[in-house]
Amino acid sequence: MNLGEWYAKGMTTQTYVDQMQTHKKDFIYIYENFSVPVEDQPLFDKIQQQKIRALILTEDWCGDAMLNIPIFLRMAESGHIPVHFLRRDENLELMDQYLTNGVSRSIPKIIFIDATGHEISHWGPRAPELQKFIDQSIAGLPEEKAPDYQEKKREMLTFVTKAYRDNRDFWSYVYNDIKKQWL
C-alpha cells in the first residue's frame, strides 16, 4: 500500500479526538492554548502552495502525542495541511517502516506526503530538547528490579505529563523542531 492509500484509510482529526480515551483533556488544553506565531505566517502561506498532506501514526495513551499533535494541528491549520490519523497498534506494517533508531515503535510519527502520495519527510517522536528531558527523567529511576520501581515510574510519568501540559518552553521546542521540516 502506498502512503496515499494509508492516508485514505486514516481518521479525520475530529474522529481521532472524539475517540480519545486517555490524555484528551490535556490534548485539548494544549490545542486551545497554543498558537502559531504571527510572524511565521509567510512560511505557512508557502507551505499551503505545496499541497502537503500529513499522516500521523499515534495512540492516544502516548504522552508525546498529547504534546506534539495539538501543536502540529495548529501548524497544519496555518498551512492548510489536511491531516489523517492511524492508530499505531492497528497499522504495524506502516509503523515498522518508521521505527525510531531502527528498533522502536515510538510515536507519534508525522509523515508528510505530496499530492501523489510520495513521502516528503517525516518527524517524530519528539524534539531533541524533550528527548534530553526524558532521558534525564528515566535516569532518575531506580533499577527495574528495585521494589519501588513501578511506583517511581508512575510518579515520573505523571511528572512528565504535567510538564508537557504546562511548560510552554516544551511547546516551543516541539513547534520549532517540526518547523525545521520546511526551512
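Predicted model: local features only at pLDDT ≥ 70, side-chain atom pairs only at ≥ 80, totals over all residues.
How far apart in helix H5 are Arg74 and Glu77? They are 3 residues apart, which means that about one helical turn separates them.

**Stop 1**

Select Arg74 and Glu77 and show their side chains. The two meet in a salt bridge, with 3.0 Å from N to O. As background, side chains of opposite charge can pair when their charged atoms come close.

**Stop 2**

Next, select Arg87 and Glu59. Their closest N and O atoms lie 2.4 Å apart, and the pair forms a salt bridge. This one links distant parts of the chain, as the partners are 28 residues apart. Arg87 sits in strand S2 (residues 83-87), while Glu59 belongs to the loop between strand S1 (53-58) and helix H5 (63-79). Are these two buried or exposed? Arg87 is buried, because its relative accessible area of 18% falls under the 20% cut-off. Glu59 is buried as well, with a relative accessibility of 4%.

**Stop 3**

Move on to Arg105 and Asp96. Here the side chains form a salt bridge with an N to O distance of 2.7 Å. Arg105 is partly exposed at 34% relative accessibility, and Asp96 is also partly exposed, at 35%. Then select Asp26, Lys162, Arg165 and Asp166 together: salt bridges with shared partners join these residues into one network.

**Stop 4**

Switch to a cartoon view and colour the strands. Which order do the 4 strands of the open sheet follow? Reading across, it is S2-S1-S3-S4, with mixed pairing. S2 and S4 (119-123) stand at the edges with a single partner strand each, so one side of each has no neighbour in the sheet. On average, neighbouring strands are turned by 20 degrees against each other, ignoring direction.

**Stop 5: where S3 meets S4**

Finally, zoom in on strand S3 (residues 109-113) and its neighbour S4. The two run antiparallel and are joined by 4 bridges. To see one of the bridge pairings, select Ile113, whose partner in S4 is Glu119.

Key:
Residues numbered from 1 in each chain as written. Heavy atoms only, no water. Salt bridge = Lys/Arg side-chain N within 4 Å of Asp/Glu carboxyl O. Buried < 20%, exposed > 50% of the residue type's maximum accessible area, 1.4 Å probe, protein only. Pairing = 2+ DSSP bridges. Axes fitted to C-alpha atoms, helices over the stretch in contact; angles between N-to-C directions.
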